[in-house]
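Thank you all for coming; I would like to walk you slowly through one model today.

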Amino acid sequence: MKKVIEGSHAVSYGVMLSKVQVICAYPITPQTHIVEKLSELCASGELPAKFLMVESEHSAMAGCIGASAVGVRAFTASSSQGLALMHELLHWASGARLPIVMANVNRALGAPWNIWCDQTDSLSQRDTGWLQFYCESSQEAVDTIIQCYKISEKVSLPSMVILDAFYLSHTFEPVNIPDPERVNRFLPPYEPKYKVDPKDPRSFSGLTPPDFFTELRYQTQQAMEEAKRVILQVDEEYQTLFGRRYGLIEGYRLEDAELVLITSGTVAGTTREVVDQYRDEGKPVGMLRMRTFRPFPSEEIRRALKGVPKVAVIDRNISFGMGGIFAEEVRSVFCNEEKRPVVFGYVSGLGGRDITRETLSNIVEYTLEQDRPKQDVLWPDLRR
Amino acid sequence: MKQKITFKHLHEIPPISISLGTMDWNKTGTWRYLRPRYVVKTPPCNEACPAGNDIEGFMVLTREGKYREAWDLIKEENPFPGICGRVCFHPCESSCHRREFDETLSIHDVERFLADSQFHAKKVRHAGKIRRKENIAVIGSGPAGLTCAYHLTRMGYGVTVFEAEASPGGVLRYGIPEYRLPSAVVDHEISDMESWGVAVKTNVRIGRDIPFEDLKSFQAIFVATGAHQSRHLDIEGEHLQGVFPGLHILRRIKEGQNVPLGRKLSIIGGGNVAIDVARSALRLGVETVEIFYRRSREEMPAFAGEVEEAIREGVTLHFLVSPLRIVGNGARATGMECIRMSLAEPDGSGRKRPVPIDGSVFTVEADAIISAVGEVPDLSFLPPEVSIKAGVIQTDEMGFIHVRNYFAGGDAARTDRTVAMAIGSGKKAALAIHEYLQGNWSRKKFQAVQVGQKGTLSLRKYFHPVDGETNPPVISFQEIHTDTFEHRARVVHPSLSLEQRRGTFQEVYLGLSREMAGEEAGRCFNCGVCNHCDNCWTYCPDVAVKRKKDRYEIDFDYCKGCGICFEECPRGAILLEEEVR
């Protein structure tokens, strides 16, 4: 069934179709529409879930952890400062190996106050042990939510589905709402191996001495590695049932490319236009869209960029003192390679500044012109 | 017990930190250097009750709705819960620790509720169980005599109570007005006592109908004849018409006889009799009722609550006034000549001594005058070897006269004349007589069954001793962990409005509902006594507190001595002591 809905509501429908049983949330712009819609669906009875209104994002995640620990499918959504407040419990959720799925709408972190699109909030949670998926469209958002429950429950790790603020969260577009019956076939009820059960009392996440801590961490890393295979396998099943797949990364006109723009989120749409324009002019430019950030698709990137001389990474985020976070990670996957591309790191579109065709063209022109970047961090849309 | 689980290979380790076995192998008790111990301490109310009631105990039962059990518990110590619940001066409430927290518990109201709840209950006949050969004579069927008879009967002795009046009860029947203590309540509690086999021979006055010497056939004699003679004013005009002793008037009112009190009544005295007469007179329609007392309100021996109610009902109190003489018109009294007093340094009784103020004489008009300046016992029937000092029989603290097999109690043997004290003295005498007759009199034994240090004792303790619980120390307020309680107001006892009280002797207080009684009992801290609240069980982080049928046990294999149970015990019934290994 096709519906014209905003990206936020696409997430809400994904949650409903996944038969989530507990939603625990606290409002924050630009995420609020997701949980507002969910509260309506709960109130109307369409979604027979428990909706817990809590007093903070920290409690929202705590609620999800509790629900998930008893073997219940749980969801929350947040943004920016709210996500930052959850930080401690994000670690706990992954350490306890709970397959919670949350949506994060990328918004800049204060100070100063800014409610617009910026990836620094979710990327700051890079090391919390959550899978991260950056969506380009509302369709991808609804599909990814459903996929993520399956992936998370298979690898026992939580997933974060990430949407650009306003560009995606508040933009209406036609979305194919998956058929509930098929979703049921795709996504069986959650049956955890271990759960809190009064009939089988156990202690969970208790003090673990140095004797075993490394082994638990090793297993989490193994699960992350395993997740790459699982994501692809689930993606394939999804395609069989619903006709759509997304992969870990998405290449666009990569054939014989001399310059590949690496993007994530909605800017991929604009980039496609720019790539087409350069290709029309006979310039071999391509695009690689990062969909998964954790686990990081190192091998897939190396394969996709084999023989490519130059890469321009567009980061709507910054790690102060280093630069764009995607660029940093892309550089790292090539560091042990004999032949590797020159990586240009562009920080652009911070705090909701539009990344226009013009900005992207400037990036392409500069990258093609220069043999090497003059600086590690390039600022293509900085007012000078 | 399972052993510690060890993982040899990576694949054996679960994906999360989760317990796969138990921690039974880890005997954390070895870490302990402090050791909790359940103890019983003496609640301050129990110590303060002259009748030796287990107040804390009946609060628990009341809260649980076990009214019969609560009533039975009281009856083990005190045969008169309905009477005490109404007329006792409740020293228990003045020592209640709840007073330091919000308001003292309304103990007497709960006690009365329990008695009321059993008022229509089916009577159980306990009679016919005389199993001892000794017989005891009790002279007087007031609270002291009946209590002594009751307990001795329960112990299996044959007891004969001699009562000079036509009905048993003494001061309960003839001395306390109906609006405070309905006769039906007295009848009920006495008849319940008779079901135990207590026999009262009425209309037999020892010394008139039977000489004291004729009681020789009894193995012990308990004298509890009370104090029924009003003290004389010793002033001019005392014998004029219209001047009455207070007790005499109270008795006539109770018997339903006419009392010629006129329209304006003056009462001399500051005790309970004065107040009782005053409030009764108002009910009979006397227009002006004035009390004249030679000291101030602080020194009044009457119960403060009674004084307050008297004032509310319209009695006028004149303090620091003493009558000089009764004036009259012929044979009939028409008023008093009084003098104002001031208070000087305390006298022998500890109260400030009143001294007349020169030139302050004034006259009061009155249709009748009541003298209520105290009562004295009539002990003329006793043989001369019984020592009488300051008007009362001299006994030891258990009521033994130490002359032949004579014992005494109640108002005839003491000056702190209250119903509760009389009940307590009757109980002590019963125990003393029992020990005397069994030939194993020992002061130590009496001390072991004491409750606290104020002289009250428990027969329950005597007959059902618990190891190590002789007379534990009284718990202090500081030992109560008040953080675990919520502030809640004391119950307000429903009562007749002032209008409703006029012209009727209907009981002023109407009794608590079940809900009110339950809530009030629920306010009890249960000071120093475990009431199975489960706090220790709930909070023990080592699951070392085990719930047994009627108590808790600590599993010292696992108790780390953290002291949380001690901290969380609301009522100080857990001690934390140094571990001695």
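Before anything else, I need one term: the radius of gyration is taken here over C-alpha atoms, and the rule for a globule is 2.2 Å times the number of residues to the power 0.38. Please also keep in mind throughout that what you see is a predicted model.

With that rule in hand, let us look at chain A. For its 384 residues a compact globule would have a radius of gyration near 21 Å, and because chain A itself has 21 Å, the two values agree. If you follow the C-alpha trace along its principal axes, chain A spans about 70 × 55 × 45 Å. Within that span you will find 12 helices and 14 strands.

How much of chain A is buried? Of its 384 residues, 57% count as buried. The accessible surface of chain A comes to about 16500 Å², and carbon and sulfur atoms account for 51% of that area. As for contacts, if we take those in chain A with a separation of 6 or more, 81% of them are between residues 24 or more positions apart.

Now to charge. Chain A carries 43 positive and 50 negative side chains, and the centres of these two sets lie 3 Å apart. In general, side chains of opposite charge can pair when their charged atoms come close. Counting over all chains, the structure holds 67 salt bridges, and I would like to show you a few of them.

The next pair is Asp276(A) with Arg253(A), where the closest N and O atoms of the salt bridge are 2.9 Å apart. Asp276(A) sits in helix 9, residues 267-280, and Arg253(A) in the loop between strand 9 (249-252) and strand 10 (259-263), so this pair ties together parts of chain A that are 23 residues apart in sequence. Both ends count as partly exposed, with Asp276(A) at 23% relative accessibility and Arg253(A) at 30%.

Let us turn to chain B. It has 20 helices and 22 strands, and its C-alpha trace spans about 120 × 55 × 50 Å along the principal axes. Of the 581 residues in chain B, 54% are buried. Chain B exposes about 26600 Å², with 50% of that supplied by carbon and sulfur atoms. Among the contacts in chain B with a separation of 6 or more, 71% are between residues 24 or more positions apart.

The charges of chain B amount to 74 positive and 76 negative side chains, and the centres of the two sets lie 4 Å apart. One salt bridge to find on your screens is that of Lys66(B) and Glu64(B), at 3.1 Å from N to O. Lys66(B) is partly exposed, with a relative accessible area of 37%, and Glu64(B), at 46%, also counts as partly exposed. Elsewhere in chain B, salt bridges that share partners join a set of residues into one network, including Arg180(B), Asp276(B), Glu306(B) and Arg501(B).

I would like to finish with two residues that touch each other. Pro50(B) is found in the loop between helix 1 (44-48) and helix 2 (55-63), and Thr456(B) in the loop between helix 15 (443-448) and helix 16 (459-463). Why do we call both of them buried? The word is used for a relative accessible area under 20%; Pro50(B) is at 13%, so it counts as buried, and Thr456(B), at 3%, counts as buried too.

Leaving aside neighbours within four places in sequence, Pro50(B) is in contact with Thr456(B), and its other partners include Phe89(B), Pro91(B) and Met421(B). Under that condition, the contacts of Thr456(B) include Pro50(B), Asn46(B), Cys49(B) and Gln450(B).

How values were computed:
Residues are numbered from 1 along each chain as its sequence is written. Chains are lettered from A and ligands numbered from 1 in the order in which they are written. This is a predicted model: local features need pLDDT of at least 70, side-chain atom pairs count only at pLDDT 80 or more; totals for chains, interfaces and linings use all residues. Side-chain values use heavy atoms; hydrogens and water are left out. Helices (H or I, at least four residues) and strands (E, at least two) are DSSP runs, numbered from the N terminus. Buried means under 20% relative accessible area, exposed over 50%, partly exposed in between (1.4 Å probe, protein chains only). Contact means heavy atoms within 4.5 Å. Accessible areas come from the Shrake-Rupley method with a 1.4 Å probe; for residues, only the protein chains shown count as cover. Lys and Arg count as positive and Asp and Glu as negative; His and the chain ends are not counted. The place of a charge is taken as NZ of Lys, CZ of Arg, CG of Asp or CD of Glu. A salt bridge is a side-chain nitrogen of Lys or Arg within 4 Å of a carboxyl oxygen of Asp or Glu.
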